[in-house]
Amino acid sequence: MTQEKKQLSFWQIWNMSFGFLGIQFGFALQGGFMSRIFQTLGADKDAIPFLWIAAPLTGLLVQPIVGYLSDRTWHPRFGRRKPFFFIGAVLSTVALFFAPYSSALWMAAGALWILDASINISMEPFRALVADKLPDSQRSYGFVVQTLIIGIGTWVASNLPWMMTQLGVPNTAAEGVVPDSVKYAFGIGALVLFTSILYTILTTDEYPPEDLEEFEREKAAKKGFLCGFEEILKNISSMPKVMMQLGLVQFFSWFAFFTMWSFATPAITEHIFGATDTTSEAYNNAADSVGNYLGTYGLVSMIYALVLSFVASKIKINRKLLHLVSLIAGGFGFILIYFITDPWMLHLCFSLVGIAWASILSMPYAMLSGSVEPKKMGVYMGIFNMFIVIPQIVAALGGVNFLYKLLFGEAVINTMLLAGTLLILAGLSNLLITDKKATHD
């Protein structure tokens, strides 16, 4: 029997999205400090993207499978998406806690691989839950509220090592050893990740399939690994046109942010602070500061999402135009990093990046959700993730190193010029999207 989707209050949407706070703690610590851990363990700057390769490769496989399985899951007590929230939370918590205790590069790369794969188990079901629970008129609002929570997580998590240092926790250690400030930050992140996802599980109900008998018949008719694999391939080949158009936007966007996560620490510590010795106090103070500046993009994304959530709850918005302008603003933010003369100006640069980040985490999903069959929401959200992980794979396999050196020169700060250029291209790619069902509420 069909259950009508009702308008939900802000706090109901907040509860169902609160697990994203922990997910973003994981992503922010991973994105802001895994490159620092790699450098501490002796990695060369140019080798850092390659050490990230396992994470997006795993996401390429995990996301569509998890989405497909969650579409086919239903339990009267545990729901459809919530079992995947819990499994991902347990695995992510363990990986996040132990990552900074790695004593060799291969261990750190393995921890990153497990962490990213585990977070992916939870993440896309959270995206699908918004589409499951909200009517189309609230989709933009729902994804923006998720982005508000993600912004809070990014800001706090990015500042955790700096906060630990201010509390007296050492931020330096012997050669090849990760400082205690980073270890404490990852431990706090692991606790927040698990408790926030558990909060969503305990406070959120899910709608059953619209026709439970038909749901069980379809599941019985298409059971088995091979059948599932064929179904995923079929959905990929028949993906909506809007998804393919958004795919180009996503490619440039996530290539840019992968470049930032891989190179922001070495680029800024070297170009702005003149610190290259990873065992020195100057380097570790600079690396803490980079985390603080990265926190700015989380803070601004939170504020921007708060404004958007108010606007989206009151008026209809043009998703395409908003995304275009936001991405171009972030592109200029990255480019300005190259030209600034005082470290405090990094807050201005990353404020612009935060505008882009808020839009990346909400507008593409809002545009996509109106073009996807509801009963296949999970698998299509998983497939859509391919346009996130493929650019990261290309970047990790040498795309970043090749492009920034070819276009701008050998200095590692030129990675920020590359990231800015890619975000501007991502913004302009929105002009290809013409379907008004996608671009407007």
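Author: Asp71, Arg81 and Asp132 are joined in a network of salt bridges, a salt bridge being a side-chain nitrogen of Lys or Arg within 4 Å of a carboxyl oxygen of Asp or Glu. The model is a predicted one, in which local features need pLDDT of at least 70 and side-chain atom pairs count only at pLDDT 80 or more, whereas totals for chains, interfaces and linings use all residues. Residues are numbered from 1 along each chain as its sequence is written, and side-chain values use heavy atoms, with hydrogens and water left out.

Arg81 counts as buried because its relative accessibility is 0%; buried means under 20% relative accessible area, exposed over 50% and partly exposed in between, with a 1.4 Å probe and protein chains only. Asp71 is buried as well, with a relative accessible area of 7%, and Asp132, at 14%, also counts as buried.

The whole structure holds 3 salt bridges. One of them joins Arg36 to Asp288, with the closest N and O atoms 2.8 Å apart. Here too distant parts of the chain are linked: Arg36 belongs to helix H2 (residues 19-40) and Asp288 to helix H12, 252 residues apart. Arg36 has 2% relative accessibility and therefore counts as buried, while Asp288 is buried with a relative accessible area of 3%.

A charged group also meets an aromatic ring. The charged end of Lys133 sits over the ring of Tyr207, 4.9 Å from its centre; the term requires NZ of Lys or CZ of Arg within 6 Å of the ring centre and within 35 degrees of the ring normal.

Turning to the rings themselves, there are 24 aromatic pairs. Rings of Phe, Tyr and Trp (its six-membered ring) pair if their centres lie within 6.5 Å, planes under 30 degrees apart counting as stacked, over 60 as edge-to-face and the rest as tilted. Phe85 and Phe126 form a stacked pair, at 3.9 Å centre to centre and 10 degrees between the planes. Phe85 is in helix H5 (residues 82-98) and Phe126 in helix H6 (residues 105-133), 41 residues apart. Both Phe85 and Phe126 are buried. Tyr297 and Trp357 are instead edge-to-face, 5.9 Å centre to centre with 85 degrees between the planes. Tyr297 lies in helix H12 (residues 281-314) and Trp357 in helix H14 (residues 346-360), 60 residues apart. Ring pairs link Tyr297 and Trp357 with Trp254, Phe257, Trp261 and Phe334 into a cluster.

Technical notes: Helix = DSSP H or I, 4+ residues; strand = E, 2+ residues; numbered from the N terminus.
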